[in-house]
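Subject: Structure handover

Hello,

Here is the structure we talked about. Please have it open while you read; my notes follow below.

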Amino acid sequence: EIYRVRCFMVKRLIFFVTCLGIVWGCYHNKASSIQLEFWAMGAEGEYLDQLVPEFEAQNPEIKVKVQTIPWNAAHEKLLTAYAGQSTPDMCQLGNTWLPEFEAIGALQNLDSLIACSSIVAPAKFFPGIWETNIIHNCVYGISWYVDTRVLFYRKDILAQVGYASPPKTWKEWFDVCQKIKKTSRDDNQRYGVFFSTKLNDWQVPVILILQNGGRLLTRDNCYAAFDNPRTVEALQYYVKFFREGLAVENMTEVANIYQAFSEGVFSMMVTGPWNVNEMRRRVPRIEGRWTTAPMPCKLNCNSVAGGASLVIFKRSPHKKAAWKFIEFLSKPETQIRFFQLTKDLPAVKAAWLSPELQSDPEIRSFYLQLEH
(Lines give C-alpha, C1' and ligand atoms only; values in the text may rest on other atoms or scores of the structure.)
Protein backbone atom coordinates (compact mmCIF):
# COMPACT_ATOMS: atom_id res chain seq x y z
CA GLU A 1 0.00 0.00 0.00
CA ILE A 2 2.81 2.40 0.91
CA TYR A 3 4.51 1.54 -2.39
CA ARG A 4 1.37 2.44 -4.39
CA VAL A 5 1.04 5.75 -2.54
CA ARG A 6 4.64 6.60 -3.23
CA CYS A 7 4.23 5.79 -6.93
CA PHE A 8 1.12 7.97 -7.08
CA MET A 9 2.93 10.87 -5.42
CA VAL A 10 5.91 10.52 -7.75
CA LYS A 11 3.61 10.53 -10.78
CA ARG A 12 1.82 13.62 -9.45
CA LEU A 13 5.16 15.34 -8.93
CA ILE A 14 6.34 14.46 -12.43
CA PHE A 15 3.05 15.74 -13.87
CA PHE A 16 3.32 18.98 -11.88
CA VAL A 17 6.93 19.59 -12.91
CA THR A 18 6.10 18.86 -16.56
CA CYS A 19 3.19 21.31 -16.52
CA LEU A 20 5.33 23.91 -14.79
CA GLY A 21 7.98 23.46 -17.49
CA ILE A 22 5.45 23.89 -20.26
CA VAL A 23 3.96 27.00 -18.66
CA TRP A 24 7.40 28.48 -18.04
CA GLY A 25 8.48 27.67 -21.58
CA CYS A 26 5.42 29.39 -23.03
CA TYR A 27 5.92 32.39 -20.78
CA HIS A 28 9.62 32.55 -21.56
CA ASN A 29 9.02 32.34 -25.32
CA LYS A 30 6.38 35.04 -25.14
CA ALA A 31 8.53 37.27 -22.97
CA SER A 32 11.61 36.83 -25.17
CA SER A 33 9.85 37.45 -28.51
CA ILE A 34 10.63 40.76 -30.20
CA GLN A 35 7.77 43.08 -31.06
CA LEU A 36 8.87 44.99 -34.16
CA GLU A 37 6.87 48.13 -34.99
CA PHE A 38 6.73 49.12 -38.66
CA TRP A 39 5.00 52.23 -40.01
CA ALA A 40 3.89 51.98 -43.65
CA MET A 41 2.17 54.61 -45.78
CA GLY A 42 -0.93 54.32 -47.90
CA ALA A 43 -1.90 51.09 -49.65
CA GLU A 44 1.55 49.57 -49.09
CA GLY A 45 0.74 49.12 -45.41
CA GLU A 46 -2.44 47.23 -46.17
CA TYR A 47 -0.68 44.81 -48.51
CA LEU A 48 2.39 44.40 -46.31
CA ASP A 49 0.31 42.51 -43.75
CA GLN A 50 0.02 39.70 -46.30
CA LEU A 51 3.81 39.23 -46.32
CA VAL A 52 4.34 39.35 -42.56
CA PRO A 53 3.18 35.76 -41.77
CA GLU A 54 5.89 34.30 -44.01
CA PHE A 55 8.56 36.38 -42.31
CA GLU A 56 7.30 35.45 -38.84
CA ALA A 57 7.28 31.75 -39.78
CA GLN A 58 10.94 32.07 -40.79
CA ASN A 59 11.74 34.12 -37.67
CA PRO A 60 9.46 32.87 -34.86
CA GLU A 61 11.22 35.05 -32.31
CA ILE A 62 10.09 38.22 -34.12
CA LYS A 63 6.54 39.58 -34.36
CA VAL A 64 5.85 42.47 -36.74
CA LYS A 65 3.16 45.01 -36.03
CA VAL A 66 2.34 47.08 -39.12
CA GLN A 67 0.69 50.45 -38.62
CA THR A 68 -0.74 52.02 -41.78
CA ILE A 69 -0.61 55.82 -42.03
CA PRO A 70 -2.19 57.94 -44.78
CA TRP A 71 0.43 59.67 -46.94
CA ASN A 72 -1.04 63.11 -46.25
CA ALA A 73 -0.56 62.64 -42.50
CA ALA A 74 2.70 60.68 -42.52
CA HIS A 75 5.25 63.51 -42.54
CA GLU A 76 3.74 65.34 -39.57
CA LYS A 77 3.22 62.11 -37.64
CA LEU A 78 6.86 61.09 -38.13
CA LEU A 79 8.15 64.48 -36.98
CA THR A 80 5.83 64.42 -33.96
CA ALA A 81 7.02 60.92 -33.07
CA TYR A 82 10.64 62.02 -33.33
CA ALA A 83 10.05 65.06 -31.12
CA GLY A 84 8.22 62.88 -28.59
CA GLN A 85 10.91 60.15 -28.71
CA SER A 86 8.29 57.64 -29.83
CA THR A 87 9.45 56.66 -33.31
CA PRO A 88 8.77 53.08 -34.44
CA ASP A 89 11.58 50.60 -34.98
CA MET A 90 11.44 51.13 -38.72
CA CYS A 91 9.31 52.67 -41.44
CA GLN A 92 8.77 53.28 -45.11
CA LEU A 93 10.20 56.66 -46.04
CA GLY A 94 9.74 58.51 -49.32
CA ASN A 95 13.21 59.13 -50.71
CA THR A 96 12.58 62.89 -50.88
CA TRP A 97 12.08 62.85 -47.07
CA LEU A 98 15.16 60.83 -46.22
CA PRO A 99 17.66 63.73 -46.18
CA GLU A 100 15.45 65.69 -43.77
CA PHE A 101 15.24 62.86 -41.24
CA GLU A 102 18.94 62.16 -41.53
CA ALA A 103 19.66 65.85 -40.89
CA ILE A 104 17.81 65.77 -37.56
CA GLY A 105 19.64 62.62 -36.52
CA ALA A 106 16.65 60.27 -36.59
CA LEU A 107 18.03 57.50 -38.81
CA GLN A 108 20.41 54.63 -38.21
CA ASN A 109 23.52 54.37 -40.40
CA LEU A 110 23.21 51.01 -42.21
CA ASP A 111 26.76 50.61 -43.54
CA SER A 112 27.88 47.96 -41.02
CA LEU A 113 24.72 45.90 -41.57
CA ILE A 114 25.11 46.04 -45.35
CA ALA A 115 28.74 44.95 -45.07
CA CYS A 116 27.68 41.71 -43.36
CA SER A 117 24.68 40.97 -45.58
CA SER A 118 24.49 38.43 -48.40
CA ILE A 119 21.10 39.79 -49.51
CA VAL A 120 21.47 43.58 -49.52
CA ALA A 121 24.30 44.96 -51.67
CA PRO A 122 24.60 48.04 -53.92
CA ALA A 123 25.11 45.97 -57.09
CA LYS A 124 21.68 44.35 -56.65
CA PHE A 125 19.84 47.67 -56.94
CA PHE A 126 19.49 50.34 -59.64
CA PRO A 127 22.49 52.67 -59.09
CA GLY A 128 20.57 55.96 -59.31
CA ILE A 129 17.92 54.73 -56.87
CA TRP A 130 20.49 53.32 -54.43
CA GLU A 131 22.28 56.67 -54.38
CA THR A 132 19.15 58.48 -53.13
CA ASN A 133 19.85 56.78 -49.79
CA ILE A 134 23.47 57.94 -49.51
CA ILE A 135 24.24 61.08 -47.50
CA HIS A 136 27.83 62.10 -46.64
CA ASN A 137 29.00 58.74 -48.06
CA CYS A 138 26.82 56.77 -45.61
CA VAL A 139 23.74 54.67 -46.40
CA TYR A 140 20.60 55.46 -44.37
CA GLY A 141 17.91 53.59 -46.31
CA ILE A 142 17.34 50.54 -48.50
CA SER A 143 15.17 50.98 -51.58
CA TRP A 144 11.91 49.05 -51.17
CA TYR A 145 10.10 49.91 -54.39
CA VAL A 146 10.92 52.38 -57.12
CA ASP A 147 9.33 54.65 -59.67
CA THR A 148 10.45 57.05 -62.32
CA ARG A 149 8.84 59.02 -65.14
CA VAL A 150 8.65 57.84 -68.74
CA LEU A 151 6.86 58.88 -71.93
CA PHE A 152 3.33 57.54 -72.47
CA TYR A 153 2.36 57.93 -76.14
CA ARG A 154 -0.26 57.04 -78.70
CA LYS A 155 1.37 54.72 -81.22
CA ASP A 156 -1.38 55.17 -83.77
CA ILE A 157 -1.32 58.98 -83.78
CA LEU A 158 2.47 59.17 -83.95
CA ALA A 159 2.40 56.73 -86.87
CA GLN A 160 -0.06 58.99 -88.69
CA VAL A 161 2.49 61.83 -88.66
CA GLY A 162 5.42 59.67 -89.72
CA TYR A 163 6.83 58.41 -86.41
CA ALA A 164 6.83 54.61 -86.33
CA SER A 165 8.74 54.76 -83.05
CA PRO A 166 8.70 57.25 -80.17
CA PRO A 167 10.89 60.38 -80.22
CA LYS A 168 14.36 59.66 -78.92
CA THR A 169 15.77 63.20 -78.80
CA TRP A 170 14.54 66.65 -77.77
CA LYS A 171 14.57 67.67 -81.42
CA GLU A 172 12.37 64.74 -82.45
CA TRP A 173 10.04 65.32 -79.52
CA PHE A 174 9.41 68.93 -80.53
CA ASP A 175 9.10 67.98 -84.19
CA VAL A 176 6.46 65.28 -83.64
CA CYS A 177 4.45 67.69 -81.47
CA GLN A 178 4.46 70.26 -84.28
CA LYS A 179 3.24 67.65 -86.75
CA ILE A 180 0.44 66.49 -84.44
CA LYS A 181 -0.63 70.11 -83.89
CA LYS A 182 -1.02 70.54 -87.67
CA THR A 183 -3.65 67.78 -87.74
CA SER A 184 -5.99 69.92 -85.60
CA ARG A 185 -9.35 71.02 -86.98
CA ASP A 186 -11.64 73.81 -85.84
CA ASP A 187 -13.85 71.28 -84.08
CA ASN A 188 -10.99 69.08 -82.88
CA GLN A 189 -8.06 70.85 -81.23
CA ARG A 190 -5.07 68.50 -80.90
CA TYR A 191 -1.93 68.95 -78.82
CA GLY A 192 1.30 67.03 -78.98
CA VAL A 193 1.86 66.66 -75.25
CA PHE A 194 0.33 67.18 -71.83
CA PHE A 195 2.51 68.62 -69.06
CA SER A 196 0.77 69.00 -65.71
CA THR A 197 1.22 72.54 -64.38
CA LYS A 198 -0.01 71.81 -60.86
CA LEU A 199 2.29 73.30 -58.24
CA ASN A 200 3.37 69.90 -56.92
CA ASP A 201 4.12 68.46 -60.37
CA TRP A 202 7.71 69.61 -60.75
CA GLN A 203 9.14 66.51 -62.40
CA VAL A 204 9.21 67.46 -66.09
CA PRO A 205 11.17 70.75 -65.74
CA VAL A 206 13.61 69.01 -63.40
CA ILE A 207 14.10 66.11 -65.81
CA LEU A 208 14.85 68.55 -68.63
CA ILE A 209 17.32 70.49 -66.49
CA LEU A 210 19.13 67.28 -65.55
CA GLN A 211 19.18 66.03 -69.15
CA ASN A 212 20.70 69.28 -70.32
CA GLY A 213 23.47 69.20 -67.72
CA GLY A 214 21.96 72.06 -65.72
CA ARG A 215 21.89 72.58 -61.97
CA LEU A 216 19.08 73.07 -59.50
CA LEU A 217 21.17 74.61 -56.72
CA THR A 218 24.39 76.56 -56.46
CA ARG A 219 26.71 78.14 -53.88
CA ASP A 220 26.86 75.22 -51.43
CA ASN A 221 23.31 74.23 -52.40
CA CYS A 222 21.92 77.31 -50.68
CA TYR A 223 20.56 79.17 -53.72
CA ALA A 224 18.54 78.31 -56.80
CA ALA A 225 20.60 78.01 -59.98
CA PHE A 226 18.07 79.63 -62.31
CA ASP A 227 20.81 81.72 -63.91
CA ASN A 228 22.83 78.64 -64.88
CA PRO A 229 23.00 78.74 -68.71
CA ARG A 230 22.09 75.07 -69.14
CA THR A 231 19.23 75.39 -66.66
CA VAL A 232 17.92 78.42 -68.55
CA GLU A 233 18.19 76.58 -71.87
CA ALA A 234 16.21 73.60 -70.52
CA LEU A 235 13.45 75.82 -69.15
CA GLN A 236 13.25 77.74 -72.42
CA TYR A 237 12.76 74.44 -74.24
CA TYR A 238 9.98 73.50 -71.78
CA VAL A 239 8.17 76.84 -72.09
CA LYS A 240 8.38 76.74 -75.90
CA PHE A 241 5.88 73.84 -75.98
CA PHE A 242 3.29 76.12 -74.39
CA ARG A 243 4.16 79.25 -76.38
CA GLU A 244 3.73 77.42 -79.68
CA GLY A 245 0.50 75.71 -78.63
CA LEU A 246 2.01 72.23 -78.64
CA ALA A 247 1.21 71.52 -74.99
CA VAL A 248 -2.12 71.87 -73.23
CA GLU A 249 -2.12 75.25 -71.50
CA ASN A 250 -5.68 75.37 -70.14
CA MET A 251 -6.05 72.54 -67.64
CA THR A 252 -9.86 72.69 -67.94
CA GLU A 253 -9.48 71.09 -71.38
CA VAL A 254 -8.30 67.86 -69.73
CA ALA A 255 -10.35 67.43 -66.59
CA ASN A 256 -9.84 63.71 -67.13
CA ILE A 257 -6.40 62.88 -68.53
CA TYR A 258 -7.38 59.30 -69.41
CA GLN A 259 -10.35 60.40 -71.46
CA ALA A 260 -8.36 63.18 -73.15
CA PHE A 261 -5.56 60.75 -73.98
CA SER A 262 -8.00 58.23 -75.41
CA GLU A 263 -9.77 60.90 -77.49
CA GLY A 264 -6.49 62.21 -78.93
CA VAL A 265 -6.71 65.65 -77.31
CA PHE A 266 -3.02 65.07 -76.61
CA SER A 267 -0.83 62.19 -77.75
CA MET A 268 1.97 62.12 -75.18
CA MET A 269 2.48 62.71 -71.48
CA VAL A 270 5.19 62.14 -68.90
CA THR A 271 4.00 60.13 -65.92
CA GLY A 272 4.77 57.20 -63.63
CA PRO A 273 4.12 53.44 -63.36
CA TRP A 274 0.85 53.76 -61.45
CA ASN A 275 -0.78 55.05 -64.64
CA VAL A 276 -0.07 51.87 -66.61
CA ASN A 277 -2.85 49.94 -64.88
CA GLU A 278 -5.02 53.03 -64.56
CA MET A 279 -4.88 53.46 -68.33
CA ARG A 280 -5.74 49.80 -68.91
CA ARG A 281 -8.61 49.96 -66.46
CA ARG A 282 -10.11 53.31 -67.45
CA VAL A 283 -9.74 53.33 -71.26
CA PRO A 284 -9.53 49.71 -72.44
CA ARG A 285 -10.87 50.81 -75.84
CA ILE A 286 -7.41 52.10 -76.85
CA GLU A 287 -5.58 48.92 -75.86
CA GLY A 288 -2.78 48.26 -78.34
CA ARG A 289 -2.84 51.87 -79.54
CA TRP A 290 -0.65 53.27 -76.78
CA THR A 291 2.49 52.24 -74.95
CA THR A 292 5.45 53.69 -73.01
CA ALA A 293 9.05 54.58 -73.83
CA PRO A 294 12.09 55.94 -72.02
CA MET A 295 12.38 59.73 -71.98
CA PRO A 296 13.70 61.54 -75.07
CA CYS A 297 17.34 62.49 -74.53
CA LYS A 298 19.54 65.57 -74.74
CA LEU A 299 23.05 65.39 -73.24
CA ASN A 300 21.90 62.34 -71.29
CA CYS A 301 18.72 60.26 -70.97
CA ASN A 302 18.08 60.77 -67.25
CA SER A 303 14.75 60.83 -65.48
CA VAL A 304 13.94 61.34 -61.80
CA ALA A 305 14.55 58.64 -59.17
CA GLY A 306 11.44 58.02 -57.11
CA GLY A 307 10.03 55.45 -54.72
CA ALA A 308 10.25 54.59 -51.05
CA SER A 309 13.02 53.26 -48.84
CA LEU A 310 13.15 51.19 -45.67
CA VAL A 311 14.83 52.91 -42.71
CA ILE A 312 15.62 52.00 -39.11
CA PHE A 313 15.31 54.66 -36.44
CA LYS A 314 18.23 55.29 -34.11
CA ARG A 315 16.03 54.88 -31.03
CA SER A 316 14.96 51.37 -31.99
CA PRO A 317 16.07 48.72 -29.45
CA HIS A 318 15.55 46.03 -32.12
CA LYS A 319 17.90 47.05 -34.91
CA LYS A 320 19.04 43.50 -35.74
CA ALA A 321 15.45 42.28 -35.99
CA ALA A 322 14.53 45.30 -38.13
CA TRP A 323 17.44 44.50 -40.44
CA LYS A 324 16.21 40.91 -40.80
CA PHE A 325 12.87 42.26 -41.96
CA ILE A 326 14.60 44.58 -44.46
CA GLU A 327 16.56 41.62 -45.82
CA PHE A 328 13.34 39.61 -46.15
CA LEU A 329 11.65 42.45 -48.06
CA SER A 330 14.74 42.76 -50.29
CA LYS A 331 14.72 39.16 -51.49
CA PRO A 332 13.81 38.91 -55.20
CA GLU A 333 10.96 36.48 -54.50
CA THR A 334 9.49 38.86 -51.89
CA GLN A 335 9.88 41.80 -54.25
CA ILE A 336 8.00 39.90 -56.98
CA ARG A 337 5.22 39.00 -54.54
CA PHE A 338 4.96 42.63 -53.43
CA PHE A 339 4.72 43.76 -57.06
CA GLN A 340 1.90 41.27 -57.63
CA LEU A 341 0.04 42.73 -54.65
CA THR A 342 0.65 46.44 -55.22
CA LYS A 343 2.05 46.89 -58.76
CA ASP A 344 4.89 48.88 -57.14
CA LEU A 345 8.04 48.35 -59.22
CA PRO A 346 10.78 46.19 -57.63
CA ALA A 347 13.92 47.94 -56.44
CA VAL A 348 15.97 44.74 -56.71
CA LYS A 349 17.08 44.14 -60.30
CA ALA A 350 16.90 40.33 -60.07
CA ALA A 351 13.15 40.57 -59.47
CA TRP A 352 12.77 42.00 -62.97
CA LEU A 353 13.65 38.58 -64.41
CA SER A 354 10.14 37.51 -63.45
CA PRO A 355 8.17 36.54 -66.61
CA GLU A 356 5.33 38.76 -65.42
CA LEU A 357 7.59 41.82 -65.67
CA GLN A 358 9.63 40.70 -68.68
CA SER A 359 6.56 40.15 -70.85
CA ASP A 360 4.90 43.50 -70.14
CA PRO A 361 6.08 46.07 -72.74
CA GLU A 362 4.63 49.05 -70.87
CA ILE A 363 6.41 48.05 -67.65
CA ARG A 364 9.61 47.08 -69.47
CA SER A 365 10.17 50.73 -70.45
CA PHE A 366 10.48 51.60 -66.77
CA TYR A 367 13.28 49.07 -66.36
CA LEU A 368 15.17 50.70 -69.22
CA GLN A 369 14.57 54.17 -67.74
CA LEU A 370 15.60 53.08 -64.23
CA GLU A 371 19.06 52.42 -65.63
CA HIS A 372 19.25 56.21 -66.22
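Start with lysine 349. At 23% relative accessibility, this lysine counts as partly exposed. Its salt-bridge partner is glutamate 371, with the closest N and O atoms 3.3 Å apart. The pair links distant parts of the chain: lysine 349 sits in the loop between E14 and H16, glutamate 371 in the segment after H17, 22 residues apart. Glutamate 371 is partly exposed too, at 33%. Bear in mind throughout that this is a predicted model.

Other salt bridges

The structure holds 12 salt bridges. As background, side chains of opposite charge can pair when their charged atoms come close.

Aspartate 360 and arginine 280 form one, the closest N and O atoms being 2.7 Å apart. Aspartate 360 lies in the loop between helix H16 (355-358) and helix H17 (361-370), and arginine 280 lies in helix H13, so the pair ties together parts that are 80 residues apart in sequence. Aspartate 360 is buried, with a relative accessible area of 13%. Arginine 280 is partly exposed at 32%.

Arginine 281 and glutamate 278 also meet in a salt bridge, at 2.9 Å from N to O. Both lie in helix H13 (residues 274-282), 3 residues apart, about one turn of the helix. Arginine 281 is exposed at 56%, while glutamate 278 is partly exposed at 22%.

There is also a network of salt bridges that links Arg154, Asp156 and Arg289.

Cysteines

How many disulfides does a search of the whole structure find? It finds 1. The disulfide joins cysteine 297 to cysteine 301, with the sulfur atoms 2.0 Å apart. The link is right-handed, with 110 degrees about the S-S bond. Cysteine 297 is buried at 15% relative accessible area. Cysteine 301 is partly exposed at 27%.

Cysteine 116 is exposed, with a relative accessible area of 71%. Cysteine 222 is exposed as well, at 56%.

The sheet

Six strands form an open sheet of mixed pairing, in the order E2-E1-E3-E13-E6-E14. Strand E2 (62-69) and E14 are the edge strands, each pairing on one side only. Strand E1 (residues 34-41) runs parallel to E2, with 8 bridges between them. Glutamine 35 stands opposite lysine 63 there.

Look closely at strand E13 (residues 306-312). All 7 of its 7 residues are buried, so the strand is largely enclosed by the rest of the structure. Gly306, Ala308, Leu310 and Ile312 point one way, and Gly307, Ser309 and Val311 the other.

E13 runs antiparallel to strand E3 (residues 90-94), joined by 5 bridges. Glycine 94 is opposite alanine 308. E13 also runs antiparallel to strand E6 (residues 142-147), again with 5 bridges. Serine 143 has serine 309 as its bridge partner.

The cavity

The structure holds 1 cavity of 30 Å³ or more, and the space in the largest cavity is about 30 Å³. Its lining consists of Trp144, Tyr145, Gln335, Phe338, Asp344, Leu345 and Pro346. By class, that gives 5 nonpolar, 1 polar and 1 charged residues. E6, helix H15 (332-342) and strand E14 (345-346) each supply at least two residues of this lining.

Best wishes

Conventions. Residues numbered from 1 in each chain as written. Predicted model: local features only at pLDDT ≥ 70, side-chain atom pairs only at ≥ 80, totals over all residues. Heavy atoms only, no water. Buried < 20%, exposed > 50% of the residue type's maximum accessible area, 1.4 Å probe, protein only. Helix = DSSP H or I, 4+ residues; strand = E, 2+ residues; numbered from the N terminus. Pairing = 2+ DSSP bridges. 1 Å grid on protein atoms, 1.4 Å probe; cavity = no way out; pocket = protein on both sides within 12 Å on 5 of 7 lines; lining within 4 Å. Points joined across faces, edges and corners; volume = space filled by probe spheres on them. Nonpolar A, V, L, I, M, F, W, Y, C, P; charged D, E, K, R; others polar. Disulfide = S-S within 2.5 Å. Salt bridge = Lys/Arg side-chain N within 4 Å of Asp/Glu carboxyl O.
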